[in-house]
Structure formats: structure tokens, C-alpha cells
Amino acid sequence: MLPHCSLLLLLCVARLLSTTSALPFEQKGFWDFAMDSMDSDGLMTMMRDEEEGSAVEEILPPDISMCPFGCHCRLRVVQCSDLGLTEVPKNIPQDTKFLDLQNNHISELKENDFKGLSNLYGLSLRNNLISKVHPRTFVPLKHMQKLYFSKNLLTTVPKNLPASLVEMRIHENRIKKVAAGAFAGLSNMNCIEMGANPIHNSGFEPGAFKGLKLNYLRISESKLTGVPKDLPESLHELHLDHNQIQAVELEDLSRYKHLFRLGLGFNHIRNIENGSLSFLPRLRELHLDNNRLTRVPKGLPDMKYLQVVYLHSNNIAQVGMDDFCPRGFGMKRTFYNGISLFDNPVNYWEVQPATFRCVSNRLAVQFGNYKK
């Protein structure tokens with residue numbers, strides 16, 4: 001390869017190495033895939049192999065695919081982002097592990113768009129105009145584990161997703177309905193991010209999540225008016241922030257005994273029915289900020305592992321001495337390290353010091369900043 005071409009490729013790789021952290025997930029550097037999927041030894045081996053072969057001008061046989069025009073190909077990463085593409089490019093190398101097609105103008109995925117890419121591990125289609133996906137588009141991708149489909153125009157979950165899929169992000173589309181069996185056969189799926197879709201509770205058909213053993217599910221920024229029924233029992237994290245949920249009823253949380261983190265912030269919750277939280281014996285974090293609660297939810301003292309409770313920006317006017325901590329010694333296995341009560345009409349000087357007897361230190365409790 002010519003020296004100036006090598007320099008250009010190195011500059012592109014350096015630009016790709018920039019990382020980002022945002023919620024909901026936004027991928028801006030495609031090397032996120034590479035860092036997740038291989039350890040440093042594997043990456044160094046690939047780089048060493050590349051360097052050892054760079055001294056010889058290699059003549060490729062005619063059946064070997066070249067890098068698509070305008071894209072950058074290196075270390076089995078093919079980056080074709082921000083090129084104004086209207087379709088998936090041809091001639092993608094068959095040994096490609098990561099394919100970045102984000103920030104283009106692709107409107108449709110055809111049957112043979114990914115033909116021959118059986119080694120593909122991750123695919124980013126984020127921020128395109130995709131509204132149509134052929135039912136057999138993903139059939140060749142037998143080893144794909146990560147699919148990033150956020151910021152498109154999808155109205156349904158694509159069909160025939162690879163059984164190998166572990167992570168899927170379809171945030172900010174136009175999905176109104178999740179049909180029964182939409183995720184059928186995806187027993188390896190661990191994480192689904194599907195926030196910012198106009199989904200009502202009635203949009204989830206019975207059996208929509210059947211067969212899934214998810215750890216992480218996010219349905220924030222949607223149109224839910226209650227906690228959805230029939231979500232996977234295996235969940236460790238459930239995020240339902242920024243919806244229109246009015247209340248938490250007794251049976252709403254009965255399935256989720258493995259939850260570590262529950263996000264219900266930025267809703268319209270006025271009441272949490274007594275006993276609702278007893279179904280969450282392993283909960284570590286509870287987010288109820290920016291709601292319309294008038295009191296601290298019942299049941300917190302019985303949650304042995306609860307460490308963080310967000311209750312700020314509610315209408316809580318009084319805090320009782322036993323609202324957070326159990327009466328007996330040794331009943332709580334883990335002390336609180338974060339309780340937020342600011343932006344509530346409660347006078348902190350009226351709260352008894354013993355109220356926070358099971359808090360790790362006084363800095364873990366936040367009061368004040370209430371504006372009438």
C-alpha cells in the first residue's frame with residue numbers, strides 16, 4: 001500500500017478511537033464494537049498481522065473483495081459512515097467483523113445486502129432513513145451479536161433476526177406495536193433498547209417477549225400509562241423513565257424478582273400501592289424522581305439490599321422516622337449510599353436524625369432547593 005494511503009488510514013483509525021457516553025446509547029465511534037468484542041491481545045495480534053504483511057505489495061486474486069468506494073477498511077472494520085449512501089455498498093470484504101453504515105440516507109435493506117458476511121459481529125445502521133427491511137436481510141449474518149438500529153423510520157421490529165444476537169438497540173423509530181413472537185428464537189439476547197418509540201401499553205401483544213432471557217430492557221420516552229405486563233422475568237434492569245405512568249399497582253412488579261435497578265423517573269406517578277416493592281427483594285437502585293408522590297413509598301425499610309433511592313422533584317411534604325430504615329439491628333444487609341429528597345416541600349430541619357440511621361454517611365442524603 002502506498003505510504004500516503006497508510007497515513008490516511010491511520011488518521012481515520014485515530015478519529016474512530018474517540019468514545020462517547022450518553023443515555024440513551026449513542027454510538028459515534030465504531031471502535032466501540034471492537035473494544036467490546038475482543039481483548040487487547042486479540043487486537044494486538046490483528047495489528048501485528050497487518051504490520052507483518054505490509055512490507056510486501058500483495059496482489060489480490062480477482063475473487064477477493066476490495067474496500068467499497070469511499071469507505072475505510074482496516075483490521076476487519078469497514079467504516080462507511082457519513083457518506084450520503086442511499087443503499088448498502090457492494091464489495092464488502094467477506095471477513096468483515098464490524099460494519100459501520102451510520103449517518104447515511106439508506107431507506108431500505110434488501111435481501112442480498114449482507115450476503116456472504118457470515119463473520120460479521122456488529123452492524124451499525126444508526127441514523128438512516130430505513131423504513132423497509134426484507135424478511136431475509138439478516139439470514140446470512142449467523143454470528144452477528146450487536147445490531148444498532150436507532151434513529152430510523154421502522155414501524156415494526158425486523159423479522160428473522162439472527163439467533164446469535166445479544167444486543168439490539170432500536171431507539172427512536174416509529175414502532176407502535178410489538179407483535180407476539182417478535183423476538184422468537186433469540187435465546188441469546190441480553191439487552192434491548194427500544195425507547196423513544198410511540199408505544200402504548202396496548203402496543204405489546206401477549207407473548208411479545210416470549211422466550212427472551214433479557215438482563216436489560218429500556219422502554220423510556222414512550223407513551224406508557226402503566227408498567228407493561230408480561231416482560232421477561234429474568235430482567236436485572238428495567239428503565240421506564242419519561243413515560244406517562246400514573247401509578248404502580250400491587251401486581252405490576254410481581255414478575256421481576258431479579259431486578260437490581262428500576263427506573264420510573266419522569267412519570268406522573270401519584271401512588272405506589274402498599275406491598276408493590278416487596279416483590280423486588282434484590283433491588284439496589286430505585287428511581288422515582290420527577291413524579292407526583294406525596295409521601296415516601298411504603299416498604300423501603302424491608303428492602304435489605306437497597307442502596308440508592310431517587311425521590312427528588314416530587315410533592316413529598318413529610319418524612320417519617322421509619323420511612324427508610326428498619327427498626328431492628330442487622331436487618332438491613334447494605335447501608336444506603338444515596339437518598340435524594342431535594343426539590344420537595346419537606347423541611348429538612350423537621351426530619352429526625354434517626355430517620356437516616358442506616359445511611360452510610362450524612363453526605364449521602366440530599367435535601368433543599370425547593371421552590372414553591
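Guide: Start with the second largest pocket: 15 residues line it, and T155, T156, V157, P158 and K159 lie nearest its centre. The model is predicted, so local features need pLDDT of at least 70 and side-chain atom pairs count only at pLDDT 80 or more, while totals for chains, interfaces and linings use all residues. Residues are numbered from 1 along each chain as its sequence is written, and side-chain values use heavy atoms, with hydrogens and water left out.

Visitor: What makes a set of points a pocket, and what makes one a cavity?

Guide: Both are found on a 1 Å grid over the protein atoms alone. A pocket is an open set with protein on both sides within 12 Å along at least five of seven lines; in a cavity a 1.4 Å probe fits but cannot get out. Lining residues have an atom within 4 Å of a point. Grid points are joined across faces, edges and corners, and a volume is the space filled by probe spheres set on the points. The volume of the second largest pocket is about 270 Å³. By this rule there are two cavities of 30 Å³ or more, and the second largest cavity has about 30 Å³.

Visitor: How many residues of each class line the second largest cavity?

Guide: Eight are nonpolar, with no polar and no charged residues. The lining is V248, L253, L262, L264, I272, L277, L286 and L288; Val, Leu and Ile are in the nonpolar class, which is Ala, Val, Leu, Ile, Met, Phe, Trp, Tyr, Cys and Pro. Asp, Glu, Lys and Arg count as charged, and the others, Gly among them, as polar. In the lining of the second largest pocket, eight residues are nonpolar, four polar and three charged.

Visitor: Why is S313 called buried?

Guide: Its relative accessible area is 17%, and buried means under 20%, exposed over 50% and partly exposed in between (1.4 Å probe, protein chains only). S313 is therefore buried. Buried residues make up 46% of the 372 residues in the protein chain.

Visitor: Why is E172 put in another class?

Guide: E172 has a relative accessible area of 37%, so E172 is partly exposed. Both residues have a positive phi of about 60° although neither is a glycine. Most residues other than glycine have a negative phi.

Visitor: In which loop is S313, and which residue with a side chain of another kind lies there too?

Guide: S313 lies in the loop between β16 and β17, and F335 lies in that loop, between β16 (308-310) and β17 (338-340). Strands are DSSP runs of E, at least two residues, and helices are runs of H or I, at least four, numbered from the N terminus. F335 has 46% relative accessibility and so counts as partly exposed.

Visitor: How do you know what F335 is in contact with?

Guide: Contact means heavy atoms within 4.5 Å. Leaving aside neighbours within four places in sequence, F335 is in contact with L306, Q307, R357, C358, V359 and S360.

Visitor: What makes a nonpolar core, and which residues touch the most other members?

Guide: A core is a set of buried Ala, Val, Leu, Ile, Met, Phe, Trp, Tyr and Cys residues joined through side-chain atoms within 4.5 Å. The largest has 84 residues, and L123, F138 and F324 touch the most other members.
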